[in-house]
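I opened the model to look at its sheet, its helices and its cores. My entries follow in the order I looked things up.

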Amino acid sequence: MKNKILFFSVDRLGDYLIRSNVIYKISKYYKSSEIICSNINHKLIKKQLFFDKVYLFDKSKKKLNKIKFIYKFFLKKYDTVIAFDGKSISNILLFLTRSSFKYVFVYKKKGFFNDLKTKLYCYCLNIFNIKYEI
């Protein structure tokens, strides 16, 4: 059994509900599981007993508060980090947290510049040896 896992689910309630069973199953393999969520799904997530810590990321806050939030996780150590949502804050924290295994779901949008952005992002993920799924 591994020690700590961190999930990112900074999105809508329905998105969390769809993946909550997967998160629960994965959490069973860890002594401690933590999640970063949005204010939309925070009320539901904090009631779920399989999370040891629930962090609220409020995107309506000022930039200084966002920087403080990022600093809280800067170089924090986890065994596994999984980003489900594709949000900017999740991607930033994915690169800044220390973990032996990182996994991210990459959401591909249509259009030339979005394709270019996705390819560049996947290239960066490969450089940092981060596993991903498009």
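**Ground rules.** This is a predicted model, so I took local features only at pLDDT of at least 70 and side-chain atom pairs only at pLDDT 80 or more, while totals for chains, interfaces and linings use all residues. Residues are numbered from 1 along each chain as its sequence is written, and side-chain values use heavy atoms, with hydrogens and water left out.

**Sheet.** I looked up the strand order first. Helices (H or I, at least four residues) and strands (E, at least two) are DSSP runs, numbered from the N terminus. Six strands form an open sheet in the order E3-E2-E1-E4-E5-E6, with parallel pairing. Two strands pair if DSSP finds at least two bridges between them. On average, neighbouring strands are turned by 15° against each other, direction ignored. Axes here are lines fitted to C-alpha atoms, for helices over the stretch in contact, and angles run from 0 to 180 degrees between N-to-C directions.

E5 (residues 98–105) runs parallel to E6 and is joined to it by three bridges. Tyr103 has Lys131 in E6 as its bridge partner.

**Helices on the sheet.** H4 (residues 88–96) packs on the sheet and touches E1, E2, E4 and E5. Its direction makes about 155° with that of E5. Contact means heavy atoms within 4.5 Å. H3 (residues 63–73) lies across E1 (2–9), E2 (30–37), E3 and E4 (77–83). H3 runs at about 155° to E3.

Which residues of H3 are buried? I found Phe69, Ile70 and Phe73. They sit on the same side of H3 because they cover an arc of only 95° around the axis. The arc is that of the directions from the helix axis to the C-beta atoms. Leu64, Ile67, Lys68 and Tyr71 are exposed on the other side. Buried means under 20% relative accessible area, exposed over 50%, partly exposed in between (1.4 Å probe, protein chains only). The buried residues of H3 pack against E1, E2, E3, E4 and H4. Just after H3, Leu75 takes a positive phi of about 60°.

**Cores.** A nonpolar core is a set of buried Ala, Val, Leu, Ile, Met, Phe, Trp, Tyr and Cys residues joined through side-chain atoms within 4.5 Å. The largest one has 21 residues. Ile36, Phe69, Phe73, Leu93 and Val104 have the most contacts inside it. E1, H3, E4, H4 and helix H5 (112–127) each supply at least two of its residues. Apart from this core lies another, of twelve residues, including Tyr16 and Phe51. Beyond its neighbours within four places in sequence, Leu93 is in contact with Phe8, Ile36, Phe69, Ile70 and Phe73.

**Ser99.** Ser99 is in strand E5. Its side chain reaches the backbone oxygen of Phe101 at 2.8 Å. The backbone oxygen of Asp79 lies 3.1 Å from a polar atom of the Ser99 side chain.

**Tyr121.** Tyr121 is in helix H5. Is it buried or exposed? Tyr121 is buried, with a relative accessible area of 18%. Its side chain makes a polar contact with that of Asn91 (2.7 Å). A polar contact is a pair of N or O atoms within 3.5 Å; within protein, one must be able to donate a hydrogen and the other to accept it, and residues adjacent in sequence count only if both atoms are side-chain atoms. Tyr121 and Asn91 are 30 residues apart in sequence and 9.7 Å apart in space, C-alpha to C-alpha.
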